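Dear colleague,

I am passing on the structure we spoke about, together with some notes on it. Please read the notes with the model open beside you.

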Amino acid sequence: MSRLEQLVEDYATEPVPESATYSGWRIGFVLGGIGIALPAILAGAEIGSALGYAQSALAFLVAGLLVTTLALVTGFVGMRSRLSTYMILKFAFGPVGAGFVNAAFALAQFGWFGVNAYYFGLAAESAAVSTLGLALPASAYVISGGVLMAAATVFGYKSLDKLALFAFPLMLTVLAAMLASLFSDATLAELLALDGSGDLTFAQAITVLAGGIIVGVVLVPDLTRYARGTVDVVIAVLLALALVETLIHVAAAGPALRFGVQDPLAILLRLGFGSFALLFLISASLTTNVVNLYGSALALTAIQPRLPEWVYVILAGTVGTILALFDVGAWFIDFLIWQSVIFSAVLGVYVVDFFVVRRARYELALLATLPPVSLPAFAAWITGATVAALCYLELLTLTGMANLDGALVAGGCYALFERGIASR
């Protein structure tokens with residue numbers, strides 16, 4: 001293997017060796033970098049405005065508990081199998097069938113990249129004008145940001161790790177300062193008394209919040225396959241999702257209600273961050289979109305491994321940047337909701353396949369013996385996604401959380417369908 005091949009080696013289609021594993025804290029830094037993102041600030045602000053501070057704080061806690069629990073389960077799958085999500089899906093959906101699922105994931109991450117790049121372009125344009133007096137169109141920041149993000153992703157998980165070691169402490173410091181600034185201007189009682197517009201129900205807010213991270217939860221194995229053990233998975237998930245993801249929503253909801261601002265840059269400027277807001281916006285967009293590119297490249301590599309992963313990084317970055325230029329952020333909330341509905345059901349299928357059907361025996365040699373397409377897996381996915389959609393539209397009620405409903409129904413159906421086939 002050449003020096004260049006060694007640098008870009010990322011075990012896209014094979015298990016991660018023990019020698020390449022990392023501690024839970026370092027994986028948590030990477031995963032936490034996804035949580036501190038412009039769309040997360042926007043989602044917290046919009047839900048705070050809709051529900052009021054007391055109700056939205058409860059929604060943040062419930063959604064945080066939900067995604068943390070699901071991420072611990074998917075994280076263990078990654079740690080035990082040492083495989084990327086896209087290789088894991090081949091066992092559940094079949095070597096050929098998984099290609100369709102992986103393509104759906106790749107498209108979702110193109111969209112996520114576009115959403116982040118879109119908001120980055122708007123925020124960077126405004127920040128550059130207000131802090132530096134530099135007037136450039138948002139498209140210039142979108143394109144330059146897309147190039148930077150693709151360049152930072154070419155070297156796979158190694159580049160994610162190095163970026164997170166620098167960016168995550170910076171963003172965590174800003175998050176702490178946001179919370180300190182928020183509570184220095186108002187008491188907790190004053191914040192809790194702020195009412196919302198009522199534009200969303202509590203259940204819809206949970207779906208929106210979980211939808212903002214559900215693709216990340218499903219794809220947690222991409223990162224936890226590098227974890228040394230169970231404790232490292234727990235540390236990474238609790239740090240990133242239970243703590244950071246919840247706090248960024250809480251920090252954004254307060255200014256949205258008190259000052260009537262929802263734009264991430266406006267929130268930072270209103271809290272007194274000035275020119276430091278631009279550095280935060282760059283760091284938050286970079287860390288989040290590098291992970292989006294990384295995941296989409298892994299998906300495309302699993303579908304067609306003939307091309308190296310770095311080629312797919314460039315392809316994904318190009319498509320995502322084009323989406324950003326076409327105003328993908330205009331349908332942000334709908335995007336979150338429906339990807340949440342679709343992908344929570346996928347989670348249920350592969351978790352049951354790993355722990356119940358195959359009992360953690362995921363050897364790559366087994367793939368050659370599986371049917372190309374798993375009809376039980378696809379039937380369970382469709383059933384779970386349909387139930388989740390009906391629950392979100394309030395035509396059906398199970399747990400009150402559409403994301404969880406989709407995962408539970410899909411997982412339960414898959415277990416029943418597989419048992420039915422085995423008993424023939």
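This is a predicted model: local features need pLDDT of at least 70, side-chain atom pairs count only at pLDDT 80 or more; totals for chains, interfaces and linings use all residues.

Residues are numbered from 1 along each chain as its sequence is written, and side-chain values use heavy atoms, with hydrogens and water left out.

Helix 3 (residues 38-51) packs against helix 4 (residues 53-81) at an angle of about 135°, with the axes 7 Å apart; helices here are DSSP runs of H or I, at least four residues, numbered from the N terminus, and axes are lines fitted to C-alpha atoms over the stretch in contact, with angles from 0 to 180 degrees between N-to-C directions. Helix 3 contributes Gly44, Ile47, Gly48 and Leu51 to the contact (heavy atoms within 4.5 Å), and helix 4 contributes Tyr53, Gln55, Ser56, Ala59 and Phe60.

Asp353 lies in helix 16 (residues 332-357) and is buried, with a relative accessible area of 0% (buried means under 20%, exposed over 50%, partly exposed in between, with a 1.4 Å probe and protein chains only). Apart from neighbours within four places in sequence, Asp353 is in contact with Phe91, Ala92, Arg358, Arg359, Tyr362 and Tyr414.

Helix 17 (residues 375-392) has buried residues that include Phe378, Trp381 and Tyr392, and this helix is followed by Glu394, whose phi is positive, near 65°.

Definitions and conventions. Helices (H or I, at least four residues) and strands (E, at least two) are DSSP runs, numbered from the N terminus. The expected span of a helix is 1.5 Å times one less than its number of residues.
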